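Here is a short briefing on one chain, written for someone who likes to know the cut-offs behind each term. Take a look at the model first, and then we can walk through it together.

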Amino acid sequence: MSKNEKLLKYTQNAEFPREAGVYILANRQNDKVYIGCSRDLRARIAAHRSLLLSGKHHSIELQYAFNKNYLVVKVLAVIPHANQTLLREAELLLIQASPHIFPSGIINKRLVRYAAYPK
């Protein structure tokens, strides 16, 4: 685990900016990642952590990684003043490029299908 990686379980809300941006939740055992975006990184990461702590996260893969202490969080980009459309485009660009950036794969399968067949 590198210096800028920290287990999601042990992070504090104040560690993350209250700004828009793109983040990943990474399983450090198999290197798969969940790519997400939010207009408030701190709130979104806190929401993930809360669901995971209560054992109620929608992603079984993320829940398993969290329970086994494999899940780390990284803020990839802070995009001040970004609207939801711009954030979604940044997230989809990362998902489309994910085979090159994250060769082990990504966890958010629903978004993979969406990115592969844009409307």
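Contact here means heavy atoms within 4.5 Å. This is a predicted model, in which local features need pLDDT of at least 70 and side-chain atom pairs count only at pLDDT 80 or more, while totals for chains, interfaces and linings use all residues. Residues are numbered from 1 along each chain as its sequence is written, and side-chain values use heavy atoms, with hydrogens and water left out.

**Overall picture**

- The chain has 4 helices and 4 strands, where helices (H or I, at least four residues) and strands (E, at least two) are DSSP runs numbered from the N terminus.
- Along the sequence these elements follow the pattern β-β-β-α-α-β-α-α.
- Of the 119 residues in the chain, 39% are buried; buried means under 20% relative accessible area, exposed over 50%, and partly exposed in between (1.4 Å probe, protein chains only).
- The accessible surface of the chain is about 7,000 Å², and carbon and sulfur atoms account for 53% of it; such areas come from the Shrake-Rupley method with a 1.4 Å probe, and for residues only the protein chains shown count as cover.
- Among contacts between residues at least 6 apart in sequence, 63% join residues at least 24 apart.

**Around helix α2**

- Gln-63 is found in helix α2 and counts as buried, at 9% relative accessibility.
- Neighbours within four places in sequence aside, the contacts of Gln-63 are Leu-51, Leu-52, Gly-55, Lys-56 and His-57.
- His-48 is 15 residues from Gln-63 in sequence, and their C-alpha atoms are 9.8 Å apart.
- Ser-59 lies in the loop between α1 (41-53) and α2 (60-67), and this residue is buried too, with a relative accessible area of 9%.
- A polar atom of the Ser-59 side chain lies 3.1 Å from the backbone nitrogen of Leu-62.

**Strand β2**

- Asn-27 belongs to strand β2 (residues 21-27) and is buried, with a relative accessible area of 4%.
- Leaving aside neighbours within four places in sequence, Asn-27 touches Lys-32, Ala-65, Tyr-70 and Leu-71.

**Rings and charges**

- Lys-9 lies over the face of Phe-66, 5.0 Å from the ring centre; the criterion is NZ of Lys or CZ of Arg within 6 Å of the ring centre and within 35 degrees of the ring normal.

Conventions
A polar contact is a pair of N or O atoms within 3.5 Å; within protein, one must be able to donate a hydrogen and the other to accept it, and residues adjacent in sequence count only if both atoms are side-chain atoms.
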